[in-house]
Amino acid sequence: MRWNRFGFIGIAVALLLLASSPVYAVSDQTGALIDDRAAELREHIVKLVGDGLKIQSISNPEYPEEMTGGKQWPTPIQKMLEYALVVGEAMGMRAGNRDGKTGWLEIGPKDAPEMVMVLGHLDTVGPSNVASWAKAPFSGEIADGKIYGRGATDDKGPTMSAIYS
């Protein structure tokens with residue numbers, strides 16, 4: 001199984017956990033089905049991650065006016081959270097937004113006795129020394145088999161990819 005650089009970490013972690021469990025071992029046939037499905041979804045997931053990387057969700061209590069349009073709400077972090085929740089809802093998940101800062105997506109029976117949880121964050125630190133970036137930090141540009149942007153690997157890309165896992 002080959003995982004590319006587009007942030008399929010959520011899927012990879014879920015598969016590793018399943019494959020390492022004696023109760024939930026993945027057969028070769030199931031592994032092939034998962035590989036096929038991941039290949040089908042690749043373009044969609046890459047676009048989803050790229051679009052999320054364009055949102056400047058910098059973790060900073062004071063946002064410059066040009067980022068918020070002079071309004072206090074919504075902040076770019078709230079926009080990123082809403083983006084993630086809308087994506088999950090479009091996939092049939094139940095979404096919750098606690099306070100514009102934290103949210104969750106869930107699928108399956110509400111009264112299920114067990115669950116799997118994936119924890120991630122959608123904010124980033126500001127891009128320092130922008131001139132040193134190969135691509136613009138909030139471009140979400142896809143080039144040379146890579147996706148570029150602040151948060152691509154920590155943690156927007158993996159968090160958005162985990163929605164699919």
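Analyst: Let's start with Lys 54, which forms a salt bridge with Asp 51, the closest N and O atoms being 3.6 Å apart. A salt bridge here is a side-chain nitrogen of Lys or Arg within 4 Å of a carboxyl oxygen of Asp or Glu. Bear in mind that this is a predicted model, where local features need pLDDT of at least 70, side-chain atom pairs count only at pLDDT 80 or more, and totals for chains, interfaces and linings use all residues. Residues are numbered from 1 along each chain as its sequence is written, and side-chain values use heavy atoms, with hydrogens and water left out.

How open are the two partners? Lys 54 is partly exposed at 46% relative accessibility, and Asp 51 is also partly exposed, with a relative accessible area of 24%. For that scale, buried means under 20% relative accessible area, exposed over 50%, and partly exposed in between (1.4 Å probe, protein chains only).

Another one joins the side chains of Arg 37 and Glu 40, at 2.9 Å from N to O. They sit three residues apart in helix H2, so about one helical turn separates them. Glu 40 is exposed, with a relative accessible area of 55%, while Arg 37 is partly exposed at 46%. Helices (H or I, at least four residues) and strands (E, at least two) are DSSP runs, numbered from the N terminus.

Then there's Glu 106 with Arg 94, whose side chains meet in a salt bridge at 3.2 Å, N to O. This pair links distant parts of the chain, with Glu 106 in strand S2 and Arg 94 in strand S1, 12 residues apart. Glu 106 is partly exposed at 33% relative accessibility, and Arg 94 is partly exposed at 27%. The strands themselves, S1 (residues 94-97) and S2 (residues 103-106), run antiparallel and are joined by four bridges; strands count as paired if DSSP finds at least two bridges between them. Asn 97 has Gly 103 in S2 as its bridge partner. Five residues lie between the strands of this hairpin, where Gly 100 takes a positive phi near 80°.

The largest nonpolar core has 19 residues, and Val 49, Leu 122, Ile 147 and Met 160 touch the most other members. Helix H2 (28-53) and helix H4 (76-90) each supply at least two residues of this core, and the largest share, six residues, comes from H2. A nonpolar core is a set of buried Ala, Val, Leu, Ile, Met, Phe, Trp, Tyr and Cys residues joined through side-chain atoms within 4.5 Å.

How far can you trust all this? The protein averages a pLDDT of 80, and 75% of the residues score at least 70; pLDDT is the predictor's confidence in each residue, from 0 to 100. Among the elements, S1 has the highest mean pLDDT (94), and helix H1 (residues 9-20) the lowest (47). Where pLDDT is low, the predicted coordinates should not be read in detail.
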